[in-house]
Amino acid sequence: MPNVKKVYDTYKDRGFDVIGVSLDNEKSELQDYLKKKDIPWCQVFSGAVWGDPVVQQYKVTGVPEPWLIAKDGTLISTDARGAALEHLVSESLKDTPMNQ
(Lines give C-alpha, C1' and ligand atoms only; values in the text may rest on other atoms or scores of the structure.)
Protein backbone atom coordinates (compact mmCIF):
# COMPACT_ATOMS: atom_id res chain seq x y z
CA MET A 1 0.00 0.00 0.00
CA PRO A 2 2.79 2.54 0.65
CA ASN A 3 4.00 2.11 -2.94
CA VAL A 4 0.50 2.55 -4.36
CA LYS A 5 0.05 5.72 -2.28
CA LYS A 6 3.41 7.07 -3.50
CA VAL A 7 2.52 6.43 -7.15
CA TYR A 8 -0.96 7.88 -6.60
CA ASP A 9 0.46 11.05 -5.03
CA THR A 10 3.01 11.40 -7.84
CA TYR A 11 0.63 10.90 -10.78
CA LYS A 12 -2.88 11.86 -9.59
CA ASP A 13 -2.59 15.33 -11.17
CA ARG A 14 -1.91 13.66 -14.53
CA GLY A 15 -5.06 11.54 -14.44
CA PHE A 16 -3.91 8.46 -12.51
CA ASP A 17 -6.50 7.18 -10.07
CA VAL A 18 -7.06 4.14 -7.92
CA ILE A 19 -10.31 2.29 -7.29
CA GLY A 20 -10.24 -0.24 -4.49
CA VAL A 21 -12.59 -3.19 -4.29
CA SER A 22 -13.03 -4.18 -0.68
CA LEU A 23 -13.52 -7.81 0.30
CA ASP A 24 -14.13 -6.95 3.94
CA ASN A 25 -17.08 -8.52 5.72
CA GLU A 26 -18.05 -5.36 7.54
CA LYS A 27 -18.11 -1.83 6.19
CA SER A 28 -16.79 -0.57 9.52
CA GLU A 29 -13.62 -2.69 9.04
CA LEU A 30 -13.06 -1.02 5.68
CA GLN A 31 -13.73 2.47 7.05
CA ASP A 32 -11.33 1.91 9.96
CA TYR A 33 -8.61 0.72 7.56
CA LEU A 34 -9.10 3.65 5.18
CA LYS A 35 -8.88 6.11 8.03
CA LYS A 36 -5.86 4.43 9.65
CA LYS A 37 -3.94 4.26 6.35
CA ASP A 38 -5.21 7.66 5.08
CA ILE A 39 -6.49 6.18 1.80
CA PRO A 40 -7.96 8.98 -0.38
CA TRP A 41 -9.32 7.03 -3.35
CA CYS A 42 -12.71 5.47 -4.03
CA GLN A 43 -13.54 2.07 -2.52
CA VAL A 44 -16.24 -0.29 -3.74
CA PHE A 45 -17.90 -2.26 -0.93
CA SER A 46 -20.77 -4.71 -1.16
CA GLY A 47 -20.18 -6.90 1.89
CA ALA A 48 -20.48 -9.95 -0.36
CA VAL A 49 -16.73 -10.70 -0.02
CA TRP A 50 -15.80 -13.21 -2.80
CA GLY A 51 -19.37 -13.08 -4.09
CA ASP A 52 -19.00 -9.37 -4.87
CA PRO A 53 -20.29 -8.60 -8.39
CA VAL A 54 -17.02 -6.90 -9.41
CA VAL A 55 -15.00 -9.86 -8.12
CA GLN A 56 -17.22 -12.27 -10.02
CA GLN A 57 -17.31 -10.25 -13.25
CA TYR A 58 -13.54 -9.82 -13.44
CA LYS A 59 -12.66 -13.20 -11.95
CA VAL A 60 -10.51 -11.77 -9.16
CA THR A 61 -8.52 -14.60 -7.58
CA GLY A 62 -6.33 -12.90 -4.99
CA VAL A 63 -5.85 -9.90 -2.78
CA PRO A 64 -4.38 -7.59 -3.76
CA GLU A 65 -4.92 -8.03 -7.47
CA PRO A 66 -3.53 -4.81 -8.95
CA TRP A 67 -4.82 -4.09 -12.43
CA LEU A 68 -3.72 -1.10 -14.44
CA ILE A 69 -6.30 0.12 -16.93
CA ALA A 70 -5.86 2.99 -19.39
CA LYS A 71 -8.41 5.79 -19.65
CA ASP A 72 -9.76 4.22 -22.83
CA GLY A 73 -10.43 0.95 -20.98
CA THR A 74 -7.44 -0.92 -22.35
CA LEU A 75 -5.97 -3.36 -19.86
CA ILE A 76 -2.29 -2.49 -19.41
CA SER A 77 -1.36 -5.03 -16.73
CA THR A 78 -2.88 -7.50 -14.25
CA ASP A 79 0.29 -7.51 -12.14
CA ALA A 80 1.00 -3.82 -11.62
CA ARG A 81 2.88 -3.96 -8.34
CA GLY A 82 6.19 -2.86 -6.87
CA ALA A 83 8.55 -0.91 -9.11
CA ALA A 84 6.62 -2.10 -12.16
CA LEU A 85 3.60 -0.05 -11.08
CA GLU A 86 5.40 3.28 -11.26
CA HIS A 87 7.12 2.36 -14.53
CA LEU A 88 3.82 1.31 -16.15
CA VAL A 89 1.97 4.39 -14.89
CA SER A 90 4.78 6.70 -16.00
CA GLU A 91 4.85 5.14 -19.46
CA SER A 92 1.07 5.26 -19.86
CA LEU A 93 0.95 8.94 -18.86
CA LYS A 94 4.12 10.16 -20.57
CA ASP A 95 2.20 12.37 -23.02
CA THR A 96 -0.35 13.60 -20.48
CA PRO A 97 0.13 17.11 -19.04
CA MET A 98 -0.42 17.92 -15.37
CA ASN A 99 -4.01 18.42 -14.11
CA GLN A 100 -5.62 16.18 -16.74
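Reader: How do the residues of the lining of the largest pocket divide into nonpolar, polar and charged? Please take me through the pocket and then on to the salt bridges and the loops.

Author: Happy to. Please keep in mind that this is a predicted model. The lining of the largest pocket divides into 29 nonpolar residues, nine polar ones and six charged ones.

The space in that pocket comes to about 1,500 Å³. It is lined by 44 residues, and those closest to its centre are Val18, Ile19, Gly20, Glu65 and Trp67. Several elements give two or more residues to the lining: the helices are H1 (2–11), H2 (27–37), H3 (53–58) and H4 (82–92), and the strands are S1 (19–21), S2 (42–44) and S3 (68–69).

Next, the salt bridges. A search of the whole structure finds three. In one of them, Glu86 pairs with Lys6, and the closest N and O atoms are 2.7 Å apart. Since Glu86 belongs to helix H4 and Lys6 to helix H1, this pair ties together parts that lie 80 residues apart in sequence. Glu86 is partly exposed, at 23% relative accessibility, and Lys6 is also partly exposed, at 42%.

Another salt bridge joins Arg81 and Asp79, again with 2.7 Å between the closest N and O atoms. Arg81 has a relative accessibility of 40%, so it counts as partly exposed. Asp79 sits in the loop between strand S4 (75–77) and H4, and its relative accessible area of 45% makes it partly exposed as well. The side chains of Asp79 and Arg81 also count as making a polar contact, at 2.7 Å.

The remaining salt bridge links Glu91 to Lys94, where the closest N and O atoms are 3.4 Å apart. Glu91 is partly exposed at 40% relative accessibility, whereas Lys94 reaches 55% and counts as exposed.

Now to the loops, starting with Ser22, which is found between S1 and H2. With a relative accessible area of 5%, Ser22 is buried, because the cut-off for that class is under 20%. Its side chain makes a polar contact of 2.8 Å with the side chain of Asp24. Setting aside neighbours within four places in sequence, Ser22 is in contact with Leu30, Gln43, Val44 and Phe45.

Asp38, in the loop between H2 and S2, has a positive phi of about 55 degrees although it is not a glycine. Val49 also has a positive phi, of about 50 degrees, and is not a glycine either; its place is in the loop between S2 and H3.

Finally, look at the loop between H3 and S3, where Pro64 is found. The peptide bond leading from Val63 to Pro64 is cis, with omega near -5 degrees.

Definitions and conventions. Residues are numbered from 1 along each chain as its sequence is written. This is a predicted model: local features need pLDDT of at least 70, side-chain atom pairs count only at pLDDT 80 or more; totals for chains, interfaces and linings use all residues. Side-chain values use heavy atoms; hydrogens and water are left out. On a 1 Å grid over the protein atoms alone, a cavity is a set of points where a 1.4 Å probe fits but cannot get out, and a pocket is an open set with protein on both sides within 12 Å along at least five of seven lines; lining residues have an atom within 4 Å of a point. Grid points are joined across faces, edges and corners, and a volume is the space filled by probe spheres set on the points. Helices (H or I, at least four residues) and strands (E, at least two) are DSSP runs, numbered from the N terminus. Ala, Val, Leu, Ile, Met, Phe, Trp, Tyr, Cys and Pro count as nonpolar, Asp, Glu, Lys and Arg as charged, and the others, Gly among them, as polar. A salt bridge is a side-chain nitrogen of Lys or Arg within 4 Å of a carboxyl oxygen of Asp or Glu. Buried means under 20% relative accessible area, exposed over 50%, partly exposed in between (1.4 Å probe, protein chains only). A polar contact is a pair of N or O atoms within 3.5 Å; within protein, one must be able to donate a hydrogen and the other to accept it, and residues adjacent in sequence count only if both atoms are side-chain atoms. Contact means heavy atoms within 4.5 Å.
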